[in-house]
Amino acid sequence: MANTNSAKIKKGPGMSDKTSDIVLAAICTVVLVIVAYPLYYVLVASFSDPYAVYAGKTFLLPSGFTLDGYKAVFADPGIVSGFLNSVKYTVIGTIFSVVMLYITAYPLSDDKLPGRKWISLFFVITMYFGGGMIPTYLVVKQTGLIGNMWSLFLPGGVGVGNMIIVRNYFKNSIPHSLIEASEIDGCSKLRSFINVIIPLSMPIMAVMAVFSMVAYWNDWFTAMIYLGGKGQPLPLVLRGILLKSSASQEQAAMVSGGFAELNKMTEMIKFCSMIVAALPMLIAYPYVQKYFEKGFMAGAVKG
């Protein structure tokens with residue numbers, strides 16, 4: 001009869017599975033609090049009296065609840081048009097960027113592409129070297145794009161870092177045998193790309209869409225340079241509201257008793273502007289979050 005003790009597995013001195021799960025959950029909770037609390041604090045502060053915020057009375061709940069900051073922000077007539085412009089630029093820019101990523105990354109994922117290494121090197125060089133803001137502005141001006149919304153998209157149409165991630169996804173996550181099989185069945189390269197590659201690459205497409213959405217939604221500097229006063233996006237409108245409030249504050253400094261109230265309003269507008277600018281992306285992100293980790297990790301594998 002075999003010794004029953006020999007069937008027993010000796011456990012090492014490490015933590016048990018339950019203990020390690022508890023430790024990991026605690027670490028994740030701490031990280032979540034560190035990352036999420038600043039945004040929550042801004043949200044709470046946007047509903048609070050600024051003096052209570054600076055006095056340290058605001059922690060988990062608003063102190064001196066008020067909606068004056070949001071009323072001041074939404075009283076500006078440019079808010080609605082700025083929001084609609086931002087939605088338009090974000091949708092068009094995201095579609096344009098994802099299409100450009102696909103039509104550059106997919107050919108570069110094919111080892112049989114002539115000159116593939118040199119083309120890839122050309123893209124990588126642009127990650128480290130650029131002409132700068134003034135030469136870029138002159139190029140945009142000479143092409144007649146000043147005041148045109150396409151000036152927001154064309155100069156940076158291909159994000160090289162994102163293109164490399166998508167290229168690696170095509171190389172490592174989509175079997176080449178599927179493409180060969182579709183071509184044997186009579187599909188052209190274009191039809192294989194549309195019917196095989198695109199459906200299988202939805203996770204990485206969702207990741208790139210999120211990156212592009214956030215970039216275009218938050219971009220105000222490019223619009224300020226190329227669009228001027230026409231078609232301003234929401235972040236640029238909010239910046240204008242804050243600047244006007246600051247200018248009024250400087251004027252009020254010359255008037256007895258007016259400085260304190262305007263300073264209070266300026267601080268409320270700062271917090272409220274942050275929430276108004278960030279809220280649409282916070283709402284949109286959960287809908288693509290399930291694809292995010294899968295697509296990003298797959299595209300990050302070397303290839």
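Is I95 buried or exposed? I95 is exposed, because its relative accessible area is 53%, where exposed means over 50%, buried under 20%, and partly exposed in between, with a 1.4 Å probe and protein chains only. Before we go on, note that this is a predicted model, in which local features need pLDDT of at least 70 and side-chain atom pairs count only at pLDDT 80 or more, while totals for chains, interfaces and linings use all residues. Residues are numbered from 1 along each chain as its sequence is written, and side-chain values use heavy atoms, with hydrogens and water left out.

Let's start with the overall plan. The chain has 13 helices and zero strands; helices (H or I, at least four residues) and strands (E, at least two) are DSSP runs, numbered from the N terminus. Of the 303 residues in the chain, 33% are buried.

Now back to I95, which sits in helix α4. I95 belongs to a nonpolar surface patch, along with V80, F83, L84, V87, V91, V99 and I103, and together they have about 700 Å² of accessible area. Accessible areas come from the Shrake-Rupley method with a 1.4 Å probe.

For a contrast, find I204 in helix α10. I204 counts as buried because its relative accessibility is 0%. I204 and N162 are 42 residues apart in sequence, and their C-alpha atoms are 9.9 Å apart in space.

Next, look for the pockets. On a 1 Å grid over the protein atoms alone, a pocket is an open set of points where a 1.4 Å probe fits, with protein on both sides within 12 Å along at least five of seven lines; lining residues have an atom within 4 Å of a point. The largest pocket has a volume of about 780 Å³, the space filled by probe spheres set on the points. Its lining has 35 residues, and L154, P155, G156, G157 and V158 lie nearest the centre. Among the elements giving two or more residues to this lining are α4 (78-108) and α10 (202-218).

The second largest pocket holds about 420 Å³ and is lined by 17 residues, with Y106, S109, D110, H176 and I179 nearest its centre. Helix α8 gives the largest share of this lining, four residues.

Notes
Patches are made of residues with over 30% relative accessible area and no salt bridge: like charges are joined within 9 Å, nonpolar side chains (Val, Leu, Ile, Met, Phe, Trp, Tyr) within 5 Å. A salt bridge is a side-chain nitrogen of Lys or Arg within 4 Å of a carboxyl oxygen of Asp or Glu.
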